[in-house]
Amino acid sequence: MNLLIKGARPYGEDAADILVRDGRIAAVGEDLTATGAEVVQAAGLVALPGLVDLHTHLREPGREDAETVETGSRAAALGGYTAVHAMANTDPVADTAGVVEQVWRLGQEAGLVDVVPVGAVTVGLAGERLAELGAMADSAARVRVFSDDGHCVADPALMRRALEYVKALGGVVAQHAEEPRLTAGAQMHEGDRSARLGLTGWPAAAEEAIIARDVLLAGHVGARLHVCHVSTAGSVELLRWAKSRGVQVTAEVTPHHLLLTDACAEGYDPVFKVNPPLRTDADVEALRAGLADGTIDAVATDHAPHAVEDKETEWASARPGMLGLEQALSVVVATMVETGRLDWRGVADRMSVRPAAIGRLDGHGRPLAPGEPANLLLLDPAARSVVDPAALASRSRNSPYAGRELPGRVVATFLRGAATVLDGKATK
């Protein structure tokens, strides 16, 4: 099917038409015509490459009450994503070729985004022995990102072996940086506020200690390391130091860590409980600066849906995690574009180009140029809307943005030229 997008603004720049043939961009220019093509009117809309998420929890298999690959894929498409990495902490854990292939096939059947499974680093996420890394890499899912997210690979000898093994596979270890002996029973960021609220603190040093250790290990081995959901100013400085020394380290920040602070815990609403926790205003400022200057490579959602009974309970027993896929781009617009820290090309770089490169994804994060796969989104930058969790595509409702007005609305998403979202609604 041929598609003609009329009057869009690629990367927020001058208006142009985009012609798509057979899943690829055929031409970009003014006054294009194509007999028989489906026409999408896009005057005033910003065109960007389809977004790529390095960190999504789809919960299937095992917790289909919270999310499925299909519902999570729909949420992703509505957020402008064309590819998502599905984390390994499912039930059973994605630590074998069989499980990652199951998740990959479910994504293929849903057909809304490319679902790219992340393989566990250790068997059962237990941190004791390496999982079937080679078998997962050779499987139909072609796993290249390995992570025990939700758990830190705390044993330094095991982490070194993982880095060595994954290096040989052309992959990357994505570390959940948390020294567990420093966070036992932790409920929120450690500071004056946690002491006043009577909630056990999660110190910044618990994250920073693991990052410091792992960048040294990665440099020693010559392997690629990716740091999940960076949350502290000290972590940004460690990453900046490591990159200056040539260490192959990349990092991500979540939308909620760019926008929200530990002040959200004041009302004891467990929707704001997350791991790593929301930090201070100073940390948020450092994260925004690090994303702007490229020290932090990517925005990743850490989309973590939870069933009602796991969130609507007292803070101490609530599960950590927040929804993120549908509002991620809007949060980046609010925190980075409207503040002048990133232009639209910068947004494309941090939410599409670099995440695709980190995940070794062919066909994603590509320029809006002739010959490239037609993975793209159209955004109305002038739109503003109040977030209603009941209207979200996810099976869960634990959105930290409920009741907030956020800028930008994804009007359309195209996966290899096929519309997955049109007029702000999923096509299937």
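Colleague: Which residues lie nearest the centre of the second largest pocket, and how many residues line it?

Modeller: Leu78, Glu326, Gln327, Ser385 and Arg409 lie nearest its centre, and 20 residues line the pocket. This is a predicted model, where local features need pLDDT of at least 70 and side-chain atom pairs count only at pLDDT 80 or more, while totals for chains, interfaces and linings use all residues. Residues are numbered from 1 along each chain as its sequence is written, and side-chain values use heavy atoms, without hydrogens and water.

Colleague: What makes a residue part of the lining of a pocket?

Modeller: It needs an atom within 4 Å of a pocket point; on a 1 Å grid over the protein atoms alone, a pocket is an open set of points where a 1.4 Å probe fits, with protein on both sides within 12 Å along at least five of seven lines. The second largest pocket has a volume of about 480 Å³, counted as the space filled by probe spheres set on the points.

Colleague: Which elements give two or more residues to the lining of the second largest pocket?

Modeller: They are helix H11 (328–337), strand S16 (376–386) and strand S17 (405–415), named as DSSP runs (helices H or I, at least four residues; strands E, at least two). S17 gives the largest share, four residues.

Colleague: And how much space lies in the largest pocket?

Modeller: About 560 Å³. Among its 31 lining residues, Asn89, Asp149, Gly150, Arg319 and Pro320 are the closest to the centre.

Colleague: Over to strand S1: why is it called largely enclosed?

Modeller: Buried means under 20% relative accessible area (exposed is over 50%, partly exposed in between; 1.4 Å probe, protein chains only). Six of the eight residues of S1 (residues 3–10) are buried, so the rest of the structure largely encloses this strand.

Colleague: How do you know that S1 and S2 pair?

Modeller: Pairing takes at least two DSSP bridges between two strands. S1 and S2 (residues 16–21) have four, in the antiparallel sense, so they pair. Ile5 has Ile18 in S2 as its bridge partner.

Colleague: What joins S1 to S5?

Modeller: Two bridges join S1 to S5 (residues 46–49), and the strands run parallel; that meets the cut-off, so this is a pair as well. Arg9 is bridged to Val46 in S5. S1 also has four bridges to S4 (residues 38–41), again parallel, where Lys6 stands opposite Gln41.

Colleague: What makes S6 and S8 edge strands?

Modeller: The open sheet has the order S6-S7-S8, with parallel pairing. S6 (51–56) and S8 (114–117) each have a single partner strand, so one side of each lacks a neighbour in the sheet.
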